[in-house]
Amino acid sequence: MAVSIELGKKLDKDYEGKSLKEILAAPPSALAGLTEKHDEILAGMGIKNVRDLGSNKYFALAGVLVALSNHTD
């Protein structure tokens, strides 16, 4: 089943219209707001692409904590 999602302005213009596979293989700067300097800093943490960024245990934990905070008093 094909799935379509509109990412709006969440991606750098060069990556708009790319496949999910291409975006996940792209450097973090494919995400709007991140630059090549961010790519260099993140590479120092072993994060070389969007997939690495999204699956990094620290970033993933932070995302879960933020999501949980939206559902607590």
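View 1. The largest pocket holds about 350 Å³ of space; a pocket here is an open set of points on a 1 Å grid over the protein atoms alone, where a 1.4 Å probe fits, with protein on both sides within 12 Å along at least five of seven lines, and lining residues have an atom within 4 Å of a point. The volume is the space filled by probe spheres set on the points, which are joined across faces, edges and corners. This is a predicted model, in which local features need pLDDT of at least 70 and side-chain atom pairs count only at pLDDT 80 or more, whereas totals for chains, interfaces and linings use all residues. Residues are numbered from 1 along each chain as its sequence is written, and side-chain values use heavy atoms, with hydrogens and water left out. Of the 15 lining residues, Ile5, Leu7, Leu11, Leu20 and Ile23 lie nearest the pocket centre. Helix 1 (residues 20-25) gives the largest share of the lining, 3 residues; helices are DSSP runs of H or I of at least four residues, strands are runs of E of at least two, and both are numbered from the N terminus.

**View 2. Asn49 in the loop between helix 2 (36-43) and helix 3 (50-55)**. Asn49 is buried because its relative accessible area is 18%, where buried means under 20%, exposed over 50% and partly exposed in between, with a 1.4 Å probe and protein chains only. A polar atom of the Asn49 side chain lies 2.7 Å from the backbone nitrogen of Asp52. Leaving aside neighbours within four places in sequence, Asn49 is in contact (heavy atoms within 4.5 Å) with Leu24, Ala25, Ala26, Pro27 and Pro28.

**View 3. Ser29 in the loop between helix 1 and helix 2**. Ser29 counts as buried, with 11% relative accessibility. Apart from neighbours within four places in sequence, Ser29 is in contact with Asp12, Leu34, Thr35, Glu36 and Asp39.

**View 4. Helix 4 (residues 57-69) and its N-terminal cap**. Asn56 caps the N-terminal end of helix 4, with a side-chain oxygen 2.9 Å from the backbone nitrogen of Tyr58. The 13 residues of helix 4 should span 18 Å at 1.5 Å a residue, and the end C-alpha atoms are 18 Å apart, which agrees; the expected span is 1.5 Å times one less than the number of residues.

Key. A polar contact is a pair of N or O atoms within 3.5 Å; within protein, one must be able to donate a hydrogen and the other to accept it, and residues adjacent in sequence count only if both atoms are side-chain atoms.
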